[in-house]
Amino acid sequence: MCGRFVLRASPQNLQMLFELDEAPQTGPRYNIAPTQPVLAVRTNPHGGMREATYLNWGLVPFWAKDPKIGSRMINARSETAAEKPSFRAAYKYRRCIVPADGFYEWKKVQGGKQPYLIGLASGEVFGIAGLWEHWEKDGSVIESCTLLTTDANEFMGPLHHRMPVILDREDYDEWLDASVQKADTLLHLMRPYEGEDMEAAAVSRTVNNPRNDEPGCVEPVEA
């Protein structure tokens, strides 16, 4: 799964990488956790232009009676998302990309679990495939998202058996194209990232507490 991630890139860098008309309003975040607002890139549902917006992390299906269901919908398995009632409408019509420059995973070790920060060795931003949804009831509106996961690649295997779906940059247009609605057409994007340019570093257990959002979360430590 993917339960925490990091985004430290500048607004100007994000604007360039995701071909946005405007730089998003964002600052460095070191410990992004479920139920928090996350920056996402999507096709504007009204104008058809690419935009960056904030969505609550934890997808609330449009048919849900209670929005608290979102806390259990932070991830969706890419192998089955197109078929699951909670995700299939979003998979067909409302796909997004969540920028990150690292994500956390916990490895079982003697005496507990050791957090690791995983990212690209270059430090560059990457895009995680996501789905978003619009929920509205009694005057309340929630726009939310989930992150898609897939089997771990060879690099990630020793840490966890799942990993986020990391899209290649040349695939952003296809993933965000609302005219592409057949799940079979998109399956080739759901593959594990190859991993040759990934790196992982043990970090402080400060990250275990989602209230901690500070540079110390990403500082390497002895495993």
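Colleague: Where does Glu 196 lie?

Modeller: Glu 196 lies in the loop between α4 (183-186) and β13 (198-202), where helices (H or I, at least four residues) and strands (E, at least two) are DSSP runs numbered from the N terminus. This is a predicted model, in which local features need pLDDT of at least 70 and side-chain atom pairs count only at pLDDT 80 or more, while totals for chains, interfaces and linings use all residues. Residues are numbered from 1 along each chain as its sequence is written, and side-chain values use heavy atoms, leaving out hydrogens and water.

Colleague: And is Glu 196 buried or exposed?

Modeller: Glu 196 is exposed, with a relative accessible area of 66%; exposed means over 50% and buried under 20%, with partly exposed in between (1.4 Å probe, protein chains only).

Colleague: Switching to Arg 4, which side chain of opposite charge is nearest?

Modeller: That is Asp 213, 9.7 Å away, and Arg 4 is buried yet has no salt bridge, a term for a side-chain nitrogen of Lys or Arg within 4 Å of a carboxyl oxygen of Asp or Glu. Lys and Arg count as positive and Asp and Glu as negative, whereas His and the chain ends are not counted.

Colleague: Where is Arg 4 found, then?

Modeller: Arg 4 is found in the segment before β1 (5-7). Leaving aside neighbours within four places in sequence, Arg 4 is in contact with residues including Trp 57, Phe 103 and Pro 210, contact meaning heavy atoms within 4.5 Å.

Colleague: How far apart are the C-alpha atoms of Glu 196 and His 134?

Modeller: They are separated by 37 Å, and the two residues are 62 residues apart along the chain.
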